[in-house]
Structures are given as structure tokens and as C-alpha cells.
Amino acid sequence: MGYPQKKVSEVSKNRRGRAAGKVSMALALMMAFVMAITALTGTAQARHRHAKKPAKPAVSQSAQQQSQENQAKMPKRTAEPVLRIGLQQGKSSFTVMPLVDKLQLRTESSKAYPLKAAAPVEIRWQNGSFLVGKEKLKGERLQLMPAAALTDAAHFSLAGRSYRGTLEILAKKGGLTAVNLVPLDDYLLSVVPEEMPTDWPAEALKAQSVAARSFALHNRDRHATDGFDLCTATHCQVYTGVGAEKSASTAAIHATQGEVLFYGSEPIDALFHTDSGGMTENSENVWGSFVPYLRAVKDTANGTMPWTKEVSTAAFEQKLAAKGHNVGKIRSLSLSPLKIGKAAADRTASGRVKTMTVKGTKGTAALTGNELRSLFGLKSTLFGAKLQGDKIVFSGFGFGHGLGISQWGAERLAAGGMKYDAILHHYYADVTLKKMY
């Protein structure tokens, strides 16, 4: 990531003066950019600092050689990535509250506008400039920048929520976009407790931390056309800022710092869902495309999280017609009995529905399990269906798409003593767990 840059001949003193002035201005802008990036990563770097370095013990030449060989085999580490999280879009204005001292606002072409902690400031866009109070800052990208290294705490609030990292406001078509620039593990401090209960076993929380970190890296730039990497909703991962942080999940994130799941040389799309119902699913049966590490595996328990949903035949017929399947009055349903972990012509290897055939007075329609789940709000595609009088009764197990980690499955494995790395390898096939930073 980064933000979207002369040989001077001998001329008169006046021309040299103007050239020097331009160079000075360019150097000043470059220094401001370097200060912002340095401060943004200061918190992440601080995690690795120690007050005193211990004295190095004497080692033999052979031991030194062995150590060098071992280091050569280790994956190369990088700096902790900084993510761009889209907080809000399409707004006419933002009110930002600085929570620490020495913050300032500036655009790519303006001077710094100093801010005071706990003093809210309204930001608007007008005729090519940002209006900050009575000041006009010309540009299309306004940055909330620190004048010194940031502390390990919330730095600003927006719309009632506090966030770590820094803020960038973009002038886009349709309004202003607020983007939080935040180190990856600081981002996870909010994500993990939003995605998994923090009173669950520590090893399950560690597995979730690694999965969430891997998912974020794989899906970085998902919202590139919007000006950021990831959104704050379930489309990406739920992110609500400092208010969501919990000590148990924070400990899990710190314990797995920088650990990422790789398939080959790339971070994996570490999908997860609430409960598999007894067995996870192959990617091609959900997405239609083969992903080598998203393979169906049996869970520790079978028939978990049972559910039932009834739909009137009238509502069922209406929704089918709206989707182009005008079968008339329903006469019968064709779907083999559900047996978890048993494939059939109309079911996957896990038992999820491939297709269900509906026969009516005006014709027949074959609907996929994913279509049925979407149309009728079913918790999963691991279900059976029966026509009972004037209603259709769906009965199934599990909750979610069934790909990757089953969160309740991870909870059960952790409660049984399994370590987080073994949990991850159980749900993701042929992956490698590496410390990336």
C-alpha cells in the first residue's frame, strides 16, 4: 500500500532562488509523509522493543553455522502491514474527535492544521477544498496525521466509535469517505471479539486470530475502487474499533502475532462459519470453483445446531415465480433423505443439497441448495424438505456456508485439548503456518 514524484542548470540568481524554493517545499512534503508512516507503525514496532538487550552468550563456530542455516530456512519476515479500513462512505461531512495530543490535519498540498485533544472538528468538502472550521485545505485527500509517535491507545473517534491508527478522508463522487489506517494486529483487536465469543477456550481464539489475519491479507484491496482495503461489515470482517476489544482475544492475538496461513506463497482465504452441522464443505459446491485448501472434513460432533423453518406453499410459489420459476401450484418435492457425510446424486459429500426438484401444475424447476438458502433465509444447505399440506418444512443442521473453520467445531476441539495450529490444519488442507512479521 502507499499513497497514490529535477537536474538544475546554471541560471540567474532569481531562477536559482525559485528552484531552491520548490525543492525546499518538496523536501518538506516528503518529510511530512515519512513522519506519518513512521508514527503509524510506531505502535507495532514498539511491541518488539526491549529496554535492555541481554548479553550474547559465547557460542562455538559450529553452533553459529547451524544457527545461520536454521535462519536461512525460516520464511522472510516483513514489517507489519497497515490496512485501510473503510469506516463510512457518501457523507457530506464528518465530525472527528482527536483523543490524543499532537494530531494535525493536512492534504497533499496544504500546510498542517493543528488539533487539540477532545476538541471535535467538523470537516466538509466544498469546491475542491476541505473546510475545517474556518480554514480551507485544498486537495482531495485529507490526513489526520500525528506530529509524534502514536501511543498504544485509541487516537480518534468518529460517529461515536473510537479507533486506533490514523484517519484519511477522501473526496469521492457521491460524498466523503472516511478510511482508518491501522496496523493489522491492531485491526484484529476489534475483529476477533466481534467474530468469536471471548469466553471460549484460548486455543479456539488463537485459531480464529490466525484465520482472521490470513483472511484480511488475502482479501486486501477487496474495496480498492472505493479507496480502501476492507469494509467494517460481514462482507469482509466486523470491525467496530476499540470499544469491542477484550482481554482474552487480545491475548490470543498477541500469542499468535504475525502468524499467517499460506498455500504456496500466498495467504489463504481463511473462511469461517458458525457451525458445520457435522461436516464442512468443498469450495466448488458453494462457489463453483475448486480451492485446494477448502476441502470437506468431518467435525467432532454430528447433527449439531439443528433448525427448522416452515414456508407456506403460497409464499414458496410466489418467490419461485419472482425468480423466473413459475411452476404453478406445488404438487411434490424431490430430494433424497439427509444423511450427514453421505453423498447422493442431489447431495454433496457432506450431505448438503446440490439440487431440489419442485413439481407444480405448470411445470418443474430444479433449485440449488444455495438458491433455496438465499430465497428462504435458511441457516445452511444441510437440510431435508417435506411438503406437508399447505406448507413446506425445512429441517437441517449447522449455520453458515460450511467452508473453512467451523467456529463451534473449533470450540469443541479446543475444549478437548487440541492446540490452535492443529485446529487450523484440521480445517484447512495442506497449508503452512508461517510467522510473517
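Me: Which residue in β12 is the bridge partner of K172?

Reply: G175 is the bridge partner of K172. Residues are numbered from 1 along each chain as its sequence is written. The model is predicted, so local features need pLDDT of at least 70 and side-chain atom pairs count only at pLDDT 80 or more, while totals for chains, interfaces and linings use all residues; side-chain values use heavy atoms, without hydrogens and water.

Me: How many helices and strands does the protein chain have?

Reply: Helices (H or I, at least four residues) and strands (E, at least two) are DSSP runs, numbered from the N terminus. The protein chain has 10 helices and 23 strands.

Me: How do I read strand pairing?

Reply: Strands of a sheet pair through backbone hydrogen bonds, either parallel or antiparallel. Two strands count as paired if DSSP finds at least two bridges between them. Take β11 (residues 166-172): it pairs with β12 in the antiparallel sense over 7 bridges. Their hairpin has 2 residues between the strands, and G174 takes a positive phi near 95 degrees there.

Me: Which other strand pairs with β12 over 7 bridges?

Reply: Strand β1 (residues 82-91) does, also in the antiparallel sense. In that pairing, R84 has L181 of β12 as its bridge partner.

Me: Why is β12 called largely enclosed?

Reply: Buried means under 20% relative accessible area, exposed over 50%, and partly exposed in between (1.4 Å probe, protein chains only). In β12 (residues 175-183), 8 of the 9 residues are buried, so the rest of the structure largely encloses this strand. Over the protein chain, 46% of the 437 residues are buried.

Me: Where is another hairpin?

Reply: Look at β20 (residues 383-388) and β21 (residues 391-397), which pair in the antiparallel sense over 6 bridges. L387 stands opposite I392. The hairpin has 2 residues between its strands, and G389 in the turn has a positive phi of about 65 degrees.

Me: How many disulfides does the whole structure have?

Reply: A disulfide is a covalent bond between the sulfur atoms of two cysteines. The test is a pair of cysteine sulfur atoms within 2.5 Å. A search of the whole structure finds 0. C231 is in no disulfide; its nearest cysteine sulfur, that of C236, is 3.5 Å away. C236 is in no disulfide either. C231 is buried, at 12% relative accessible area, and C236 is buried at 5%.
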